[in-house]
Amino acid sequence: MEEVPHDCPGADSAQAGRGASCQGCPNQRLCASGAGATPDPAIEEIKEKMKTVKHKILVLSGKGGVGKSTFSAHLAHGLAEDENTQIALLDIDICGPSIPKIMGLEGEQVHQSGSGWSPVYVEDNLGVMSVGFLLSSPDDAVIWRGPKKNGMIKQFLRDVDWGEVDYLIVDTPPGTSDEHLSVVQYLAAAHIDGAVIITTPQEVSLQDVRKEINFCRKVKLPIIGVVENMSGFICPKCKKESQIFPPTTGGAELMCQDLEVPLLGRVPLDPLIGIQEFCNLHQSKEENLISS
Amino acid sequence: MEAAEPGNLAGVRHIILVLSGKGGVGKSTISTELALALRHAGKKVGILDVDLCGPSIPRMLGAQGRAVHQCDRGWAPVFLDREQSISLMSVGFLLEKPDEAVVWRGPKKNALIKQFVSDVAWGELDYLVVDTPPGTSDEHMATIEALRPYQPLGALVVTTPQAVSVGDVRRELTFCRKTGLRVMGIVENMSGFTCPHCTVSPGGCRGGEAAPGRWGPWAVLGSPPSPRSAPASSPGAAERSWPSSPGCPS
């Protein structure tokens, strides 16, 4: 992707090609001609590609660190327990790709074939794609502005050879920005089943999650429901429960009532998560959640 | 390095960024507690919240619903007290409704961050603490570019012990190196849990310890959570003492 000026107004904005910051940009003439206002042809290409994908679920949260990637990995593994179901897990957190580490796939590389990029298979029926597989070192920082991140997401959706998939789970970064707009935009023609929104019980998370719910409504993305993660902590030593993140404002339950969104369930804080890679984790409380 | 133009940051003595590649490790909490500790030490402090999608600082300091007013030098920051010892700017103050989502692409976020740096009348400050969102993208690049002429003191990088946090933080350290931002130290947050019934640590790899061998002699400061610490996320954070760090000038 070519570098865009730092103050790029966006190819689809009214100022495209006309702003002061457009001077000298290699795409200036293209934008000024109004070409940016036409729909991206990739949207139709992605629609074709997604014809072999039955269900698409986004895992969102306005808040960082609530367990989106952990939940996405558990959901993917849980669905993949049925060997006849083909699962794809796509990590579009370009700056902070956690999925390779959580899935025990660090160091894996992506291979190209005639039909596109091959996902990394952790099981026969569970394929994974992340920018983490494209980095030469785990310390490599992806210091990209919005347009370049959008280009990567477009490639993930258009150029990865997912094959026949029953469920595509898309793990997202926190926030309501380029990555979220892009994945909704690029999948617009391909129909997204909906979003699962992750939160933790405390208000500092809920206030960001309310924004995320409003984002979903703004872009007409159906909300499957909310999962309250880190909901209670059972001490491994004394077995007593305490609240590390107390739901002082009613937690996800009250928020879901207020905003008329389903509460799918609660998952407790498990100190084992974060210590062991997923493949060593024998029990998943989310499996009960998935079956509900 | 270009000299700072006389502008709204000319009266700010030291600028500290609080970064983490990882979300949810406690950047906003640490930013808030750092500011309160500096105020406790008699300093005049400003907090600039450049997390445009998830602005947490107003609620942590009990300042939700406050409005930003214009003054002759630009926007007046929100003052928390009559003495004006802590001032604050956040996109949270510019939203019509608290649950309104800021759904902006990079260029628009960059423009607002530039305004926050150039158009907020911070006045005379000993410290400006800049709270950032997770990642290494538009907000971070815009903030560093806008602040560069004012020679920030450096960055505090926040992590938690889990491997997924450490992975993102190592990328953040690379980002700091590439952008020429000095790392003052790493804070390992949530590094132990004091169960109210007994004492237990959630354990895991010691994230802060993974860095020193590779990146140099950083000060690693532990910050264990306990059920009492969660109220930091409720309106009005409690003051906590901040251990002295060799990186912070007195």
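Biologist: What share of the 250 residues of chain B counts as buried?
Modeller: This is a predicted model, so the value is computed from predicted coordinates. Buried here means under 20% relative accessible area. Of the 250 residues in chain B, the share that passes is 58%.

Biologist: How many helices and strands does chain B have?
Modeller: Both kinds of element occur in chain B. The tally is seven helices and 10 strands.

Biologist: Which part of the accessible surface of chain B belongs to carbon and sulfur atoms?
Modeller: The accessible surface of chain B totals about 10000 Å². Carbon and sulfur atoms contribute 51%.

Biologist: What percentage of the chain B contacts with a separation of 6 or more joins residues 24 or more positions apart?
Modeller: Take the contacts in chain B with a separation of 6 or more. Those between residues 24 or more positions apart make up 81%.

Biologist: Is P58(B) buried or exposed?
Modeller: P58(B) sits in helix α2 of chain B, residues 57-60. Beyond four places in sequence, P58(B) touches several residues, including D49(B), L88(B) and F93(B). Its relative accessibility is 6%, and the cut-off is under 20%, so P58(B) is buried.

Biologist: What distance separates the C-alpha atoms of P58(B) and F93(B)?
Modeller: These two residues touch. Along the chain they are 35 residues apart. Their C-alpha atoms are separated by 7.7 Å.

Biologist: How many disulfides are there over all chains?
Modeller: A disulfide needs two cysteine sulfur atoms within 2.5 Å. For C176(B), the nearest cysteine sulfur belongs to C95(A) and is 13 Å away, and C176(B) is in no disulfide. Over all chains, the count is zero.

Biologist: In chain A, which strands are the edges of the eight-stranded open sheet?
Modeller: The sheet runs β5-β6-β2-β7-β1-β8-β9-β12 in chain A, with mixed pairing. An edge strand pairs on one side only. The edges are β5(A), residues 120-123, and β12(A), residues 263-266.

Biologist: In what sense do β5(A) and β6(A) pair?
Modeller: Strand β6(A) covers residues 126-130. Y121(A) stands opposite G127(A) in β6(A). Over three bridges, the pairing of β5(A) and β6(A) is antiparallel.

Biologist: Which helix of chain A packs on the sheet and touches β8, β9 and β12?
Modeller: This helix covers residues 251-259. Its direction makes about 155 degrees with that of β9(A). The helix is α8(A).

Biologist: In what sense does β8(A) pair with β1(A) and with β9(A)?
Modeller: Four bridges join β8(A) to β1(A), residues 53-60, in the parallel sense. L58(A) stands opposite A195(A) there. On the β9(A) side, T199(A) has E228(A) as its bridge partner. The five bridges between β8(A) and β9(A) are also parallel.

Conventions: Residues are numbered from 1 along each chain as its sequence is written. Chains are lettered from A and ligands numbered from 1 in the order in which they are written. This is a predicted model: local features need pLDDT of at least 70, side-chain atom pairs count only at pLDDT 80 or more; totals for chains, interfaces and linings use all residues. Side-chain values use heavy atoms; hydrogens and water are left out. Two strands pair if DSSP finds at least two bridges between them. Helices (H or I, at least four residues) and strands (E, at least two) are DSSP runs, numbered from the N terminus. Contact means heavy atoms within 4.5 Å. Axes are lines fitted to C-alpha atoms, for helices over the stretch in contact, and angles run from 0 to 180 degrees between N-to-C directions. Buried means under 20% relative accessible area, exposed over 50%, partly exposed in between (1.4 Å probe, protein chains only). Accessible areas come from the Shrake-Rupley method with a 1.4 Å probe; for residues, only the protein chains shown count as cover.
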